[in-house]
Amino acid sequence: MPRVTISDPTLRDGNHAVRHQLKKEHFAVYCKAADAANVPIVEVGHGNGLGASSMLVGECGVTDREILEVARTNLTHSKLGIHLIPGFATVKKDLSQAVSMGVDVFRVASHCTEADTTERHIGYLREAGKEVYGVLMMSHMADPQTLVDEARKLESYGAEGVVIMDSAGAYLPNDVTERISALVGGITVPVGFHAHNNLGMATANSVAAVNAGASIIDGSARGFGAGAGNAQLEVIIAVFQRLGIETGVDLYKILDAADIAERDFIPLLPSISSVSIVSGLHGVFSGFIKQVQKIAAERGVDPRDIFAELGKRKAVAGQESLIIEVAIDLQKGKKLQ
Amino acid sequence: MSAGPKLKVAIIGTGNIGTDLLIKSMRSSSLVCTLFAGRNFSSSGMKKANYLGVNISDRGIDAIIEDPSVCDVVFDATSAPAHARHWEVLREMRKTVIDLTPAKLGEPCVPAINAESCVESGGGNINMITCGGQASIPIAYALAQLQQEIEYIEVASSIASRSAGPATRFNIDEYVDATESALLKFTRARYAKAILILNPAHPPIDMQTTIYAKMGTPDVTEARKAVAAMAERIKVYVPGYEVIVPPTLEAGRLITTVRVRGNGDHLPQYAGNLDIINCAAVAVAELIAARASSSTVVRFPRGKSNA
């Protein structure tokens, strides 16, 4: 029977859906519920991870320190996980604090072709005796062989697993099978998959990933995550149960946790909005959606046109500043390059 | 420019930064590159230098130790930890060092703001901060002149993945740290944050930097004037520098975006990050050359480095 480790980014990716305004009590209540459901890893923080609270990608309502304190207090069985991107988070400012506050699992992320920016962060964390995974974001932008090359770098730096993210929700199941198979054949550490649901494929893609050999799967309560949301955790647990895939997560208790999340801090359940579909089609990072909608409304331009243009310019996470530039260009009706 | 002898410069570090600096130095009417030193004759930068007929060495800093008269000024294009070791030696030898690593040992220098004072009293070590710092700090500085206090300044730079060599990637924390310290120093903001995004897109994107400022109730018209004036000062030594979103109020924050297109010297035009820090470094070296060859005070900036 295949066994997968579930990593739950409800309190991290979900923060994108509420412009990073989750409150301390939300972290507390959901950590408790996920802990009771025996979720192996609970990821918390700003949507873009440790040290990412900024005007560029959105300021967090609470500090990293406050989030980690609350999560640490409320997790006893589950491991406390965080996501971090070099370029936002540094060892000196952010990682040393997280290590000293007792974070268990560190997922060090880079864009799919930039694994070598993570070398020192992974090295530092392994040295500190932490569990460390490498994450390749926006993985649809690289071909399978490139992903394997990058994953090998992560493994050589000390990553104990490599997770690829479908940050834009652009994959169909065959795309996932192709990439996960290549990775499983190409590296010796476990491979993971993180889905987004822009094209309605998050659950199917997660199943395809496991069938291709992935052993780490990300899922959020009610799919609470950037854009159209992530793979819906409680659905995945149920589907995996049907397929005989072992997760160790208690189904009823994760259903309870999802109900609590919906009741307490999901103001609007993730849905595949028209704009999300366009964003997935153009392969643009799901986390852009709130800013695109806001700026489109302010400037009286069509958010779909903004996404199409962002897709053409191959915008990646962290390039949120392009949104206003594109909107102003569209507003002027200027011919774009 | 007087017809006196050219200022002798050595470049240590033969990666993207060093190789681009070489081409810019060779074009300068007041500089001559007398040594291009790295560790490996088979690197692409070394091959290029050899082809161009430049004196090359694979002995790094030792090439200067063995022949101290080889140069007057040293460009250090290695890495922050290596620079710390180089500076110990070069200080002893009384060489002026223009540091292109984020080592933060020397006086942080943005030519449009403080080249003259760095050359006059920089203690022989002039630090060029970072590429994102060169693009953003003058704008942040111009904004800081408008009002007494900036509460928070944040700068986010996106650069093409291909323009970032191994040292840049390995030292991404030092990049963030050096950019933030210099921002605080030049703007006296209460908080500063720097973000670097490496963009893997093909074709590669141009370097773009966005400056966000939280500052009371800024006068947007005045801010635009100040930023436009500063951009003109930068363009004198970085021809590809352009303000593409002038200061714009968005949710109470003043947002300005600049784009830097390179001169296409070593890497193609998208590598504005390489260009801006190197143009700044060459501008400083040319100022040193002008001071050395003339007793009259030369105001900076004087003209394009490739004039």
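At what angle do the axes of helix 6 of chain B and helix 10 of chain B cross?

Author: Happy to! This is a predicted model, in which local features need pLDDT of at least 70, side-chain atom pairs count only at pLDDT 80 or more, and totals for chains, interfaces and linings use all residues. Residues are numbered from 1 along each chain as its sequence is written, with chains lettered from A and ligands numbered from 1 in the order in which they are written.

The axes of helix 6 (residues 131-144) of chain B and helix 10 of chain B cross at roughly 75° and come within 7 Å. Axes here are lines fitted to C-alpha atoms, for helices over the stretch in contact, and angles run from 0 to 180 degrees between N-to-C directions. Helices (H or I, at least four residues) and strands (E, at least two) are DSSP runs, numbered from the N terminus. Helix 6 and helix 10 of chain B are therefore roughly perpendicular to each other, a label for angles of 65 to 115 degrees, while under 35 counts as roughly parallel, over 145 as roughly antiparallel and the rest as oblique.

Who meets whom? From helix 6 of chain B come C131(B), Q134(B) and A135(B), and they meet N273(B), I276(B), I277(B) and A280(B) of helix 10 of chain B. Contact means that C-beta atoms, placed from the backbone, lie within 7 Å. By class, the residues of this contact between helix 6 and helix 10 of chain B are 5 nonpolar, 2 polar and no charged. Ala, Val, Leu, Ile, Met, Phe, Trp, Tyr, Cys and Pro count as nonpolar, Asp, Glu, Lys and Arg as charged, and the others, Gly among them, as polar.

Now for the sheet of chain B. Its 7 strands form an open sheet with parallel pairing, in the order 3-2-1-4-5-7-6; strands pair if DSSP finds at least two bridges between them. Strand 3 (56-57) and strand 6 (107-108) of chain B are at the edges with a single partner strand each, so one side of each has no neighbour in the sheet. Helix 10 (residues 272-293) of chain B packs on this sheet, touching strand 1 (7-12), strand 2 (31-37), strand 4 (73-76), strand 5 and strand 7 of chain B. The direction of helix 10 of chain B makes about 150° with that of strand 1 of chain B. Strand 5 (residues 96-99) and strand 7 (residues 125-127) of chain B run parallel, joined by 3 bridges, and V97(B) stands opposite N125(B) in strand 7 of chain B.

How values were computed: Contact = placed C-beta atoms within 7 Å.
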